[in-house]
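Hi everyone, thanks for coming.

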Amino acid sequence: MQSGLYIVGTPIGNLSDMSPRAIDVLKNVGLIAAEDTRVFGKLASHFDIKTPRISCHEHNERDVVPELIEKLQSGMSVAAVSDAGMPGISDPGFRLVRAARAAGIPVYVVPGPVAAISALVLSGFPTDRFTFCGFFDEKKLRDDNKIRHTIIYYESPNRVMNTIAALARVMPERQIAIVREITKIHEDAIIGYPADLMHIDAPRGEIVIVVAPAPDKKMTDDEIAGIVNDIAATSTKAAAADLARRAGISKKEAYRRMLDKGGADD
(Lines give C-alpha, C1' and ligand atoms only; values in the text may rest on other atoms or scores of the structure.)
Protein backbone atom coordinates (compact mmCIF):
# COMPACT_ATOMS: atom_id res chain seq x y z
CA MET A 1 0.00 0.00 0.00
CA GLN A 2 1.45 3.38 -1.01
CA SER A 3 2.15 5.47 2.08
CA GLY A 4 -0.03 8.50 2.72
CA LEU A 5 -3.39 9.56 4.09
CA TYR A 6 -6.53 8.04 2.54
CA ILE A 7 -9.87 9.81 3.10
CA VAL A 8 -12.42 7.04 2.67
CA GLY A 9 -16.15 7.50 2.13
CA THR A 10 -18.41 4.85 3.66
CA PRO A 11 -22.15 4.11 3.25
CA ILE A 12 -24.74 6.48 4.77
CA GLY A 13 -27.23 3.64 5.14
CA ASN A 14 -27.16 0.94 2.51
CA LEU A 15 -24.06 -1.23 2.88
CA SER A 16 -24.22 -2.09 -0.82
CA ASP A 17 -22.92 1.44 -1.48
CA MET A 18 -19.49 0.47 -0.10
CA SER A 19 -17.10 0.59 -3.04
CA PRO A 20 -14.63 -2.23 -3.80
CA ARG A 21 -11.81 0.33 -3.70
CA ALA A 22 -12.85 1.49 -0.22
CA ILE A 23 -12.82 -2.10 1.05
CA ASP A 24 -9.41 -2.73 -0.53
CA VAL A 25 -7.89 0.42 0.98
CA LEU A 26 -9.30 -0.26 4.45
CA LYS A 27 -7.98 -3.81 4.40
CA ASN A 28 -4.48 -2.84 3.32
CA VAL A 29 -3.56 0.40 5.10
CA GLY A 30 -1.48 0.18 8.26
CA LEU A 31 -3.98 1.99 10.47
CA ILE A 32 -7.58 3.27 10.34
CA ALA A 33 -8.52 6.50 12.14
CA ALA A 34 -12.24 6.11 12.84
CA GLU A 35 -14.66 8.67 14.26
CA ASP A 36 -16.11 5.95 16.50
CA THR A 37 -14.30 2.62 16.55
CA ARG A 38 -17.45 0.83 17.77
CA VAL A 39 -19.53 2.13 14.87
CA PHE A 40 -16.78 1.29 12.40
CA GLY A 41 -16.45 -2.13 14.00
CA LYS A 42 -19.84 -3.13 12.60
CA LEU A 43 -18.77 -2.11 9.09
CA ALA A 44 -15.42 -3.81 9.52
CA SER A 45 -17.07 -7.02 10.64
CA HIS A 46 -19.43 -7.01 7.64
CA PHE A 47 -16.55 -6.61 5.15
CA ASP A 48 -13.98 -8.66 7.11
CA ILE A 49 -11.68 -5.67 7.66
CA LYS A 50 -9.15 -6.55 10.39
CA THR A 51 -6.86 -3.51 10.16
CA PRO A 52 -5.84 -1.92 13.50
CA ARG A 53 -7.82 1.22 14.30
CA ILE A 54 -7.61 4.31 16.47
CA SER A 55 -10.32 6.72 17.55
CA CYS A 56 -10.20 10.22 16.03
CA HIS A 57 -13.24 12.38 16.77
CA GLU A 58 -14.04 16.03 17.44
CA HIS A 59 -13.18 15.77 21.15
CA ASN A 60 -9.72 14.18 20.78
CA GLU A 61 -8.79 15.29 17.24
CA ARG A 62 -6.31 17.96 18.32
CA ASP A 63 -4.36 15.39 20.37
CA VAL A 64 -4.59 12.47 17.93
CA VAL A 65 -3.72 14.33 14.72
CA PRO A 66 -0.04 14.96 15.68
CA GLU A 67 0.32 11.27 16.52
CA LEU A 68 -1.12 10.29 13.15
CA ILE A 69 1.14 12.75 11.33
CA GLU A 70 4.19 11.13 12.99
CA LYS A 71 3.05 7.71 11.79
CA LEU A 72 2.47 9.05 8.28
CA GLN A 73 5.90 10.70 8.23
CA SER A 74 7.45 7.36 9.19
CA GLY A 75 5.99 5.84 6.01
CA MET A 76 2.77 4.33 7.33
CA SER A 77 -0.43 4.41 5.31
CA VAL A 78 -3.45 5.67 7.27
CA ALA A 79 -7.14 5.72 6.32
CA ALA A 80 -9.62 8.15 7.88
CA VAL A 81 -13.32 7.25 8.11
CA SER A 82 -16.31 8.89 9.77
CA ASP A 83 -19.37 7.12 11.13
CA ALA A 84 -21.07 7.50 7.73
CA GLY A 85 -20.41 9.33 4.49
CA MET A 86 -17.36 11.44 3.67
CA PRO A 87 -15.00 12.48 6.47
CA GLY A 88 -14.76 16.25 6.83
CA ILE A 89 -18.37 17.00 5.81
CA SER A 90 -19.78 18.03 9.23
CA ASP A 91 -17.59 15.24 10.59
CA PRO A 92 -13.97 15.08 11.80
CA GLY A 93 -11.37 14.96 9.06
CA PHE A 94 -10.46 18.38 7.74
CA ARG A 95 -7.87 19.07 10.49
CA LEU A 96 -6.11 15.82 9.68
CA VAL A 97 -6.07 16.61 5.97
CA ARG A 98 -4.81 20.14 6.64
CA ALA A 99 -2.03 18.84 8.90
CA ALA A 100 -1.03 16.21 6.35
CA ARG A 101 -0.86 18.81 3.58
CA ALA A 102 1.23 21.10 5.78
CA ALA A 103 3.63 18.22 6.47
CA GLY A 104 3.98 17.38 2.78
CA ILE A 105 2.27 14.01 3.17
CA PRO A 106 0.37 12.64 0.13
CA VAL A 107 -3.41 12.70 0.56
CA TYR A 108 -5.77 10.52 -1.48
CA VAL A 109 -9.56 10.45 -1.60
CA VAL A 110 -11.70 7.35 -1.96
CA PRO A 111 -15.10 8.88 -2.82
CA GLY A 112 -18.29 7.69 -1.20
CA PRO A 113 -21.87 8.80 -0.51
CA VAL A 114 -22.59 12.28 0.87
CA ALA A 115 -25.99 12.85 2.50
CA ALA A 116 -26.09 16.56 1.60
CA ILE A 117 -25.57 15.96 -2.12
CA SER A 118 -27.90 12.96 -2.20
CA ALA A 119 -30.66 15.03 -0.56
CA LEU A 120 -30.08 17.90 -2.98
CA VAL A 121 -30.58 15.60 -5.95
CA LEU A 122 -33.66 13.97 -4.37
CA SER A 123 -35.28 17.36 -3.66
CA GLY A 124 -35.58 18.33 -7.31
CA PHE A 125 -34.44 21.87 -6.46
CA PRO A 126 -31.87 23.68 -8.64
CA THR A 127 -28.37 22.23 -8.32
CA ASP A 128 -26.36 24.73 -10.37
CA ARG A 129 -25.60 26.76 -7.21
CA PHE A 130 -26.04 25.65 -3.62
CA THR A 131 -24.66 26.34 -0.15
CA PHE A 132 -24.21 23.67 2.52
CA CYS A 133 -24.64 25.30 5.95
CA GLY A 134 -23.97 22.26 8.13
CA PHE A 135 -26.27 21.66 11.08
CA PHE A 136 -29.20 24.08 11.27
CA ASP A 137 -28.66 27.12 13.50
CA GLU A 138 -31.71 29.33 13.99
CA LYS A 139 -29.50 32.23 15.14
CA LYS A 140 -27.99 32.38 11.65
CA LEU A 141 -31.25 31.93 9.75
CA ARG A 142 -31.85 35.56 8.76
CA ASP A 143 -28.32 35.77 7.39
CA ASP A 144 -28.82 32.44 5.62
CA ASN A 145 -31.93 33.89 3.97
CA LYS A 146 -29.65 36.33 2.15
CA ILE A 147 -28.40 33.29 0.23
CA ARG A 148 -30.77 33.35 -2.71
CA HIS A 149 -29.84 29.99 -4.22
CA THR A 150 -30.44 26.47 -2.82
CA ILE A 151 -29.46 25.87 0.82
CA ILE A 152 -28.77 22.53 2.54
CA TYR A 153 -28.89 21.78 6.27
CA TYR A 154 -28.39 18.73 8.44
CA GLU A 155 -30.91 18.42 11.28
CA SER A 156 -31.80 16.19 14.22
CA PRO A 157 -35.24 14.49 14.20
CA ASN A 158 -35.72 15.85 17.73
CA ARG A 159 -35.59 19.43 16.46
CA VAL A 160 -36.98 19.20 12.95
CA MET A 161 -40.49 20.48 13.75
CA ASN A 162 -39.06 23.56 15.47
CA THR A 163 -36.84 24.07 12.46
CA ILE A 164 -39.79 23.93 10.07
CA ALA A 165 -41.57 26.55 12.21
CA ALA A 166 -38.49 28.79 12.10
CA LEU A 167 -38.29 28.45 8.32
CA ALA A 168 -42.00 29.35 8.10
CA ARG A 169 -41.28 32.57 9.98
CA VAL A 170 -38.17 33.63 8.09
CA MET A 171 -38.42 31.94 4.67
CA PRO A 172 -42.18 31.48 4.10
CA GLU A 173 -41.91 31.96 0.34
CA ARG A 174 -39.28 29.26 -0.19
CA GLN A 175 -40.19 25.59 -0.61
CA ILE A 176 -38.32 23.07 1.51
CA ALA A 177 -37.62 19.36 1.22
CA ILE A 178 -37.40 17.21 4.35
CA VAL A 179 -35.28 14.28 3.12
CA ARG A 180 -34.92 11.38 5.52
CA GLU A 181 -33.31 7.95 5.78
CA ILE A 182 -31.36 8.33 2.53
CA THR A 183 -30.52 4.93 0.89
CA LYS A 184 -32.45 3.10 3.64
CA ILE A 185 -35.77 1.24 3.47
CA HIS A 186 -37.83 4.24 4.59
CA GLU A 187 -36.13 6.83 2.36
CA ASP A 188 -38.56 9.70 1.84
CA ALA A 189 -38.74 13.32 0.70
CA ILE A 190 -41.52 15.58 2.00
CA ILE A 191 -41.73 18.74 -0.09
CA GLY A 192 -43.78 21.89 0.40
CA TYR A 193 -43.84 25.39 1.83
CA PRO A 194 -42.82 25.50 5.51
CA ALA A 195 -46.25 26.70 6.65
CA ASP A 196 -47.83 23.67 4.95
CA LEU A 197 -45.47 21.23 6.71
CA MET A 198 -45.79 22.57 10.26
CA HIS A 199 -48.47 20.04 11.20
CA ILE A 200 -47.06 16.86 9.64
CA ASP A 201 -46.08 13.94 11.86
CA ALA A 202 -42.53 14.54 13.06
CA PRO A 203 -40.15 12.77 10.63
CA ARG A 204 -37.82 10.20 12.14
CA GLY A 205 -34.35 9.04 11.26
CA GLU A 206 -31.41 10.85 9.68
CA ILE A 207 -32.66 14.12 8.18
CA VAL A 208 -31.41 16.62 5.61
CA ILE A 209 -33.35 19.82 4.88
CA VAL A 210 -33.03 21.39 1.44
CA VAL A 211 -34.36 24.93 0.89
CA ALA A 212 -35.31 26.03 -2.61
CA PRO A 213 -33.97 29.28 -4.08
CA ALA A 214 -35.84 32.48 -3.28
CA PRO A 215 -38.35 33.52 -5.96
CA ASP A 216 -36.74 35.56 -8.74
CA LYS A 217 -39.74 37.78 -9.26
CA LYS A 218 -42.21 38.98 -6.69
CA MET A 219 -45.87 39.51 -7.56
CA THR A 220 -47.29 42.89 -8.49
CA ASP A 221 -49.47 44.81 -6.05
CA ASP A 222 -52.55 43.90 -8.08
CA GLU A 223 -51.66 40.20 -7.96
CA ILE A 224 -51.11 40.36 -4.21
CA ALA A 225 -54.41 42.22 -3.78
CA GLY A 226 -56.15 39.38 -5.60
CA ILE A 227 -54.76 36.85 -3.14
CA VAL A 228 -55.75 39.10 -0.23
CA ASN A 229 -59.34 39.15 -1.48
CA ASP A 230 -59.24 35.38 -1.90
CA ILE A 231 -58.15 34.60 1.66
CA ALA A 232 -59.56 37.55 3.62
CA ALA A 233 -62.32 35.43 5.16
CA THR A 234 -59.83 33.54 7.35
CA SER A 235 -58.16 34.91 10.49
CA THR A 236 -55.57 37.60 9.87
CA LYS A 237 -52.60 35.64 11.21
CA ALA A 238 -53.43 32.51 9.22
CA ALA A 239 -54.22 34.56 6.14
CA ALA A 240 -50.95 36.49 6.46
CA ALA A 241 -48.96 33.24 6.51
CA ASP A 242 -50.83 32.03 3.42
CA LEU A 243 -50.32 35.37 1.66
CA ALA A 244 -46.58 35.39 2.43
CA ARG A 245 -46.24 31.86 1.06
CA ARG A 246 -48.19 32.49 -2.11
CA ALA A 247 -46.96 35.99 -2.90
CA GLY A 248 -43.28 35.64 -2.07
CA ILE A 249 -43.30 38.52 0.43
CA SER A 250 -42.29 38.65 4.08
CA LYS A 251 -44.80 37.61 6.72
CA LYS A 252 -44.58 41.10 8.23
CA GLU A 253 -45.48 42.70 4.91
CA ALA A 254 -48.28 40.19 4.41
CA TYR A 255 -49.69 40.92 7.86
CA ARG A 256 -49.67 44.66 7.15
CA ARG A 257 -51.56 44.14 3.91
CA MET A 258 -54.15 41.98 5.65
CA LEU A 259 -54.68 44.67 8.31
CA ASP A 260 -55.06 47.24 5.56
CA LYS A 261 -57.74 45.01 4.08
CA GLY A 262 -59.54 45.07 7.43
CA GLY A 263 -59.30 41.38 8.35
CA ALA A 264 -60.04 40.43 11.92
CA ASP A 265 -57.19 39.23 14.11
CA ASP A 266 -57.22 35.89 15.96
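Which residues lie nearest the centre of the largest pocket? They are Ala 84, Asp 91, Ala 115, Tyr 154 and Glu 206, out of 22 lining residues. Before I go on, a word on the source: this is a predicted model, where local features need pLDDT of at least 70, side-chain atom pairs count only at pLDDT 80 or more, and totals for chains, interfaces and linings use all residues. Residues are numbered from 1 along each chain as its sequence is written, and side-chain values use heavy atoms, with hydrogens and water left out.

Back to the pocket. By pocket I mean, on a 1 Å grid over the protein atoms alone, an open set of points with protein on both sides within 12 Å along at least five of seven lines; lining residues have an atom within 4 Å of a point. The space in the largest one is about 550 Å³, a volume being what is filled by probe spheres set on the points, which are joined across faces, edges and corners. Its lining has 13 nonpolar, three polar and six charged residues; here Ala, Val, Leu, Ile, Met, Phe, Trp, Tyr, Cys and Pro count as nonpolar, Asp, Glu, Lys and Arg as charged, and the others, Gly among them, as polar. Strands β7 and β10 (207–211) each supply at least two lining residues; strands are DSSP runs of E, at least two residues, and helices runs of H or I, at least four, numbered from the N terminus.

Now, Thr 150, which sits in β7 (residues 150–155). Is Thr 150 buried or exposed? Its relative accessibility is 0%, so Thr 150 counts as buried, a label for under 20% relative accessible area, with over 50% exposed and partly exposed in between (1.4 Å probe, protein chains only). A polar atom of the Thr 150 side chain lies 2.8 Å from the backbone oxygen of Pro 126.

On to the cores, meaning sets of buried Ala, Val, Leu, Ile, Met, Phe, Trp, Tyr and Cys residues joined through side-chain atoms within 4.5 Å. The largest has 33 residues, and Leu 5, Leu 68, Val 208 and Val 210 have the most contacts inside it. Helix α3 (residues 61–73) gives the most to this core, five residues. A second, separate core has 18 residues, including Val 25 and Val 110.

Last, the largest cavity, where a 1.4 Å probe fits but cannot get out, has a volume of about 60 Å³. Among its lining residues are Ala 33, Cys 56 and Leu 96. Thanks, happy to talk!

Key
Polar contact = N/O pair within 3.5 Å; in protein donor to acceptor, adjacent residues only side chain to side chain.
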